[in-house]
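Subject: The structure you asked about

Hi,

Here is the structure I promised to pass on. Have a look at it first, and then read on for what turned up.

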Amino acid sequence: MSEMIAPKITVLMSVYNGKTFLAEAVSSVLSQTFRDFEFLIIDDGSTEPVTHLIESFRDERIRIHTQNNIGLTRSLNRGLELARGDYVARMDADDVSLPGRLKAQAQTLDTDGSVDLVGTFFDVIDAEGNIRERKELIVDDIERLWRLQFHNNYGHGTIMMRKRAVINAGKYDETLRYAQDYDLWSRISTKRNTRIIPEPLYLYRMIEHGAQASVKNYDSQLATAIDISNRNLNLCNPHLTDEQSAEVRALYWKFQRDRFSGDGLKLLPDTMEGFCRRYGLTDREEARLAKRVALDLMNEAQISPDLPPQALSGVLTRFRRMAER
């Protein structure tokens with residue numbers, strides 16, 4: 001590995017124990033059709049012999065950095081500092097990257113220098129590797145950015161980032177133990193600099209009642225994500241309180257409110273118009289988004305029959321006028 005100079009991609013993985021699926025994760029990276037990468041693995045103070053397992057692969061592209069336990073967020077920032085590639089691809093230690101993943105993402109970044117962040121569709125698998133669900137993420141850039149104000153809509157492990165853009169954005173926020181990816185995507189995203197490859201190129205392993213951080217710390221992750229969404233929505237509509245943000249957010253994310261209410265309905269148009277100003281949408285882009293949001297509202301009305309009919313009609317009319325520009 002010492003002879004490898006400036007690989008195009010750094011695959012960055014932080015490991016803390018969890019050796020059950022580690023060999024499969026490492027093998028999936030080493031089996032990529034794209035070959036110009038280094039595989040930087042941060043052993044974050046594991047008490048299990050994970051370093052020995054990794055070293056058994058004897059692949060010169062692997063770099064192991066061993067440290068005392070400092071947690072995922074700080075470990076990822078340490079990895080960004082050590083990364084030698086122009087692009088950084090995330091990888092989790094219990095997941096699987098399909099063979100064409102790195103090639104497809106690198107081609108996207110190579111083709112368009114304005115793109116800083118590339119995700120993919122992914123499949124959710126269980127402990128045995130059986131596919132349980134396919135996550136087909138939002139492909140339209142403007143709609144995906146709009147929905148990012150409400151919730152995270154990327155799979156962290158699927159992401160490839162342009163390293164300089166992430167450094168310029170301030171890297172991961174080390175005050176956050178959870179949802180650090182959602183925070184970073186919210187800070188780095190513009191209307192033109194992100195993409196989703198509409199192919200499932202990653203397998204995300206979900207083990208219910210397991211030792212995964214995403215399972216054990218679900219409530220804390222949820223609370224942090226809500227705080228990030230509150231911040232996002234407030235940047236679009238500075239008059240929103242956290243309580244009002246919960247009402248608006250219920251259109252897309254029902255963890256705090258079971259249904260979208262008349263209160264959320266009243267606040268939605270100003271929030272969307274503030275979003276359009278914040279990101280500098282053109283009239284044509286605003287019209288396209290207004291059409292999409294109007295459709296979302298009509299779908300929501302089917303499951304929220306208590307929405308005030310007159311208010312709903314007025315808001316839909318407002319969005320349809322915007323869509324006719």
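A residue is called buried when its relative accessible area is under 20%. Keep that cut-off in mind, and also that what you have here is a predicted model.

Let's start with strand β2, residues 37-44. How many of its eight residues are buried? Eight of the eight, so the strand is mostly covered by that under 20% cut-off. Side chains in a regular strand alternate between the two faces of the sheet. You can follow this along β2: F37, F39, I41 and D43 point one way, while E38, L40, I42 and D44 point the other way, and all are buried.

β2 has a partner in β1 (residues 9-15), and the two run parallel, joined by seven bridges. If you want a place to look, find I9, which stands opposite F37 in β2. To get from β1 to β2 the chain passes through helix α1 (residues 22-30), and this β-α-β crossover is right-handed.

Strand β3 (residues 62-67) also pairs with β2. These two run parallel as well, with six bridges between them, and L40 stands opposite R63 in β3. Together with helix α2 (residues 50-55), β2 and β3 make a right-handed β-α-β unit.

Next, helix α7. Eight of its nine residues are buried, namely Q180, D181, Y182, D183, L184, W185, S186 and I188. What do the buried residues of α7 pack against? The list is α3 (72-82), β6 (117-125), α5 (141-148), β8 (160-162), α6 and α9.

D183 is worth a click while you are in α7. Its relative accessible area is 1%, which is why it counts as buried. Leaving out residues up to four places away in sequence, D183 touches D173, L176, I228 and R231. With R231 there is a polar contact of 2.7 Å between the side chains. D173 is ten residues from D183 in sequence, and their C-alpha atoms are 7.5 Å apart.

Now go to K171, in the loop between α6 (163-168) and α7 (180-188). Is K171 buried or exposed? It counts as buried, because its relative accessibility is 18%. The side chain of K171 makes a polar contact of 3.0 Å with the side chain of E81. Setting aside neighbours within four places in sequence, K171 is in contact with N77, L80, E81, V166, L184 and R187.

One more helix: in α10 (residues 242-249), S245, A246, E247, V248 and R249 are buried. Their cover includes α9 (218-236) and α11 (262-278).

Finally, zoom out to the whole chain. There are 13 helices and nine strands in it. Its radius of gyration is 21 Å, close to the 20 Å that the globule rule gives for 325 residues, so the chain is as compact as a globular protein of that length. The C-alpha trace spans about 70 × 40 × 35 Å along its principal axes. Of the 325 residues, 54% are buried. Among contacts with a separation of 6 or more, 74% are between residues 24 or more positions apart. The accessible surface comes to about 15100 Å², and carbon and sulfur atoms account for 48% of that.

Happy exploring!

Methods
Residues are numbered from 1 along each chain as its sequence is written. This is a predicted model: local features need pLDDT of at least 70, side-chain atom pairs count only at pLDDT 80 or more; totals for chains, interfaces and linings use all residues. Side-chain values use heavy atoms; hydrogens and water are left out. Buried means under 20% relative accessible area, exposed over 50%, partly exposed in between (1.4 Å probe, protein chains only). Helices (H or I, at least four residues) and strands (E, at least two) are DSSP runs, numbered from the N terminus. Two strands pair if DSSP finds at least two bridges between them. A crossover is right-handed if, with the strands pointing away from the viewer, the path from the first strand over the helix to the second runs clockwise. Contact means heavy atoms within 4.5 Å. A polar contact is a pair of N or O atoms within 3.5 Å; within protein, one must be able to donate a hydrogen and the other to accept it, and residues adjacent in sequence count only if both atoms are side-chain atoms. The radius of gyration is taken over C-alpha atoms; the globule rule is 2.2 Å times the number of residues to the power 0.38. Accessible areas come from the Shrake-Rupley method with a 1.4 Å probe; for residues, only the protein chains shown count as cover.
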